[in-house]
Amino acid sequence: MSSSPTDGPAGPAPLPDPAGRGPGVSRAEFDSLFASVSTWGRWSPADRGAWNRVTADHVLRAAALVRSGTPVPLGLPWDTRSGPDNGRPALHYMSDLGDVEPAEPATYKDFIAADYHGKAVSHLDALSHVAYRGRLYDGRPAREAVDAGGARFGSVEALGPLLTKGVLLDLPAVLGTRWLEPGHAVRARDVVAAERALGVTIDEGCAVLLRSGRFRRRRELGPWDAAAACAGFHVDAVPLLAERGIALLGGDGDSDVRPSPVEGVHSPVHALAVAAMGVPLLDNLDLEALSAACAEARRHEFMIVVSPLRVPGGTGSPVNPVAVL
């Protein structure tokens with residue numbers, strides 16, 4: 001969603017103090033959790049991480065979920081306007097207005113660029129994006145694997161495309177609210193309750209998408225600093241997701257509840273998913289249309305297609321995933 005002034009009030013939305021922040025977690029508890037969900041040494045090639053779980057059979061099962069053939073794009077529009085949730089706006093300008101090359105036919109060209117790891121661009125986090133205690137996924141020393149030239153391990157190019165079953169955990173629909181307030185933590189018990197309410201099953205190789213209603217709230221109340229406060233998963237939900245063997249995690253935030261419940265770790269779900277489990281993340285998806293489509297179809301499982309840009313050494317990629325119902 002664009003940061004256009006017409007999107008909402010001129011000032012940032014007021015941030016409440018919801019009761020659902022979840023318990024605090026000590027660094028020692030977090031380190032124990034990190035070790036318990038780690039899949040280091042499990043796969044080859046290691047820099048595809050949990051995407052190694054997705055076999056041809058998983059793709060065929062995902063394709064069998066397509067009934068109406070309705071595609072639903074999940075990416076946000078390219079946002080070139082600064083705002084509380086877009087401190088590094090994307091770039092877009094015209095580089096040829098039909099007056100640079102010889103006439104007939106006239107051609108029109110443009111340039112785009114983005115510092116996409118943030119809160120305003122829909123993107124995929126590759127396994128080189130997150131290190132914990134100096135190590136990337138599979139125990140690779142981060143300083144040896146990533147430098148000014150890019151990533152030599154865990155780059156987005158190593159991932160390739162993904163086609164698998166997607167599950168939408170539409171928490172506002174389950175709770176009967178318009179959205180989850182910033183700071184609301186989604187816990188393991190909430191995931192299980194959502195599965196039951198929505199009639200879905202999170203299983204091996206699937207992609208889990210969490211809808212908090214962030215962009216509906218933004219549209220109605222205006223933008224806010226999502227890096228300071230955003231709904232997302234509490235770390236106690238991660239062991240459940242690890243046990244189910246997911247391949248991809250994403251949502252309309254960046255999967256982490258903010259503020260972080262973990263002492264000294266600002267993005268604990270990032271550390272657990274990417275660095276421990278080898279699960280890439282999809283951040284800043286617009287899930288409003290998918291929520292409506294799933295409600296109309298009365299099902300919250302679908303085929304999802306994710307095709308990141310092939311950027312050698314890239315730590316991720318802007319992306320426009322597509323759900324197909």
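The model is predicted, so local features need pLDDT of at least 70 and side-chain atom pairs count only at pLDDT 80 or more, while totals for chains, interfaces and linings use all residues. Residues are numbered from 1 along each chain as its sequence is written, and side-chain values use heavy atoms, with hydrogens and water left out.

Q: Why is the contact of R218 and D85 called a salt bridge?
A: A salt bridge is a side-chain nitrogen of Lys or Arg within 4 Å of a carboxyl oxygen of Asp or Glu. For R218 and D85 the N to O distance is 2.7 Å, within 4 Å, so the pair counts as a salt bridge.

Q: Why is R310 called exposed?
A: Exposed means over 50% relative accessible area, buried under 20%, and partly exposed in between (1.4 Å probe, protein chains only). R310 has 68%, so it is exposed.

Q: What makes E157 partly exposed?
A: Its relative accessibility is 33%, between the cut-offs of 20% and 50%, so E157 is partly exposed.

Q: Why are R211 and D170 called buried?
A: R211 has a relative accessible area of 5% and D170 has 1%. Both values are under 20%, so both residues are buried. R211 and D170 also form a salt bridge, with the closest N and O atoms 2.6 Å apart.
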